[in-house]
Amino acid sequence: TDVQATVLRELDIPAVFVDREGCVLWMNRMLQSLTGENERFHRTIDTIFPYLTKPVFPVNSDTKDITLEYQGQIFRAHIQKLRLEHVLDGSLLTTDTEEASWNQDSAGPDEEWKAQGMHEDGTQKEEQATWHYVIYFIDETELSRLRRENRERKPVVALLYLDNYEE
């Protein structure tokens with residue numbers, strides 16, 4: 001819907017959708033502002049963030065967090081695996097509700113599900129599942145600085161045994 005698309009675009013946390021190969025499908029305005037790239041950026045995410053390569057994407061779990069540095073800032077990249085079948089045609093990211101809804105001239109959702117490899121209950125058949133990833137970039141620069149400062153200011157306690165102090 002329009003509200004969902006607006007929330008995604010205006011989210012105060014930099015976010016990006018990528019396909020399973022790491023190719024950027026969409027990025028929100030915060031990430032565009034951070035990177036200086038525009039919405040038509042359709043290269044792999046590792047061209048911006050060299051550590052975000054395909055091998056770091058979660059495979060056996062649904063999420064993964066990695067820490068990376070970008071332009072002097074430290075970010076926690078939270079990578080979440082999603083099964084989405086309509087990302088490539090833009091229907092999940094569009095503001096046009098007609099594109100996102102079922103085509104009224106089609107035979108109906110049952111035929112659409114079968115054509116898209118879906119079960120009648122709306123779940124996607126596993127063999128045709130398309131995995132994508134959403135990556136959120138949480139700025140942890142200040143937190144990292146405070147952790148380092150705390151570690152450096154901790155008192156050190158030592159116990160010293162001297163054998164024959166007079167020598």
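The charged end of K81 is placed over the ring of W131, at 4.6 Å from the ring centre; a charge is said to sit over a ring if NZ of Lys or CZ of Arg is within 6 Å of the ring centre and within 35 degrees of the ring normal. The model is predicted, so local features need pLDDT of at least 70 and side-chain atom pairs count only at pLDDT 80 or more, while totals for chains, interfaces and linings use all residues. Residues are numbered from 1 along each chain as its sequence is written, and side-chain values use heavy atoms, with hydrogens and water left out.

The overall plan comes next. The protein contains five helices and five strands, where helices (H or I, at least four residues) and strands (E, at least two) are DSSP runs numbered from the N terminus. Along the sequence these elements follow the pattern α-β-β-α-β-β-α-α-β-α. Among the contacts with a separation of 6 or more, 48% join residues 24 or more positions apart, a contact being heavy atoms within 4.5 Å. The protein exposes about 11800 Å², of which carbon and sulfur atoms supply 48%; accessible areas come from the Shrake-Rupley method with a 1.4 Å probe, and for residues only the protein chains shown count as cover. Of the 167 residues, 30% are buried. Buried means under 20% relative accessible area, exposed over 50%, and partly exposed in between (1.4 Å probe, protein chains only).

Rings of Phe, Tyr and Trp (its six-membered ring) pair if their centres lie within 6.5 Å; planes under 30 degrees apart count as stacked, over 60 as edge-to-face and the rest as tilted. The count by this rule is four aromatic pairs. The ring centres of F17 and W26 are 5.5 Å apart and their planes meet at 45°, so this pair is tilted. Both F17 and W26 are buried. Another tilted pair joins F49 and Y70, with 4.8 Å centre to centre and 50° between the planes. Because F49 lies in the loop between α2 (29-35) and β3 (63-70) and Y70 in strand β3, the pair ties together parts that are 21 residues apart in sequence. F49 is buried at 2% relative accessibility, and Y70 is buried at 11%. Ring pairs link F49, Y70 and F137 into a cluster. Leaving aside neighbours within four places in sequence, F49 is in contact with L31, T35, L68, Y70 and F137.

Two glutamines complete the account. Q32 belongs to helix α2 and counts as buried at 18% relative accessibility. A polar atom of the Q32 side chain lies 3.1 Å from the backbone oxygen of M27. Beyond neighbours within four places in sequence, Q32 is in contact with M27, E37, N38 and E39. Q71, in the loop between β3 and β4, counts as exposed at 59% relative accessibility. Most residues other than glycine have a negative phi. The phi of Q71 is near 50°, a positive value in a residue other than glycine.

How values were computed: A polar contact is a pair of N or O atoms within 3.5 Å; within protein, one must be able to donate a hydrogen and the other to accept it, and residues adjacent in sequence count only if both atoms are side-chain atoms.
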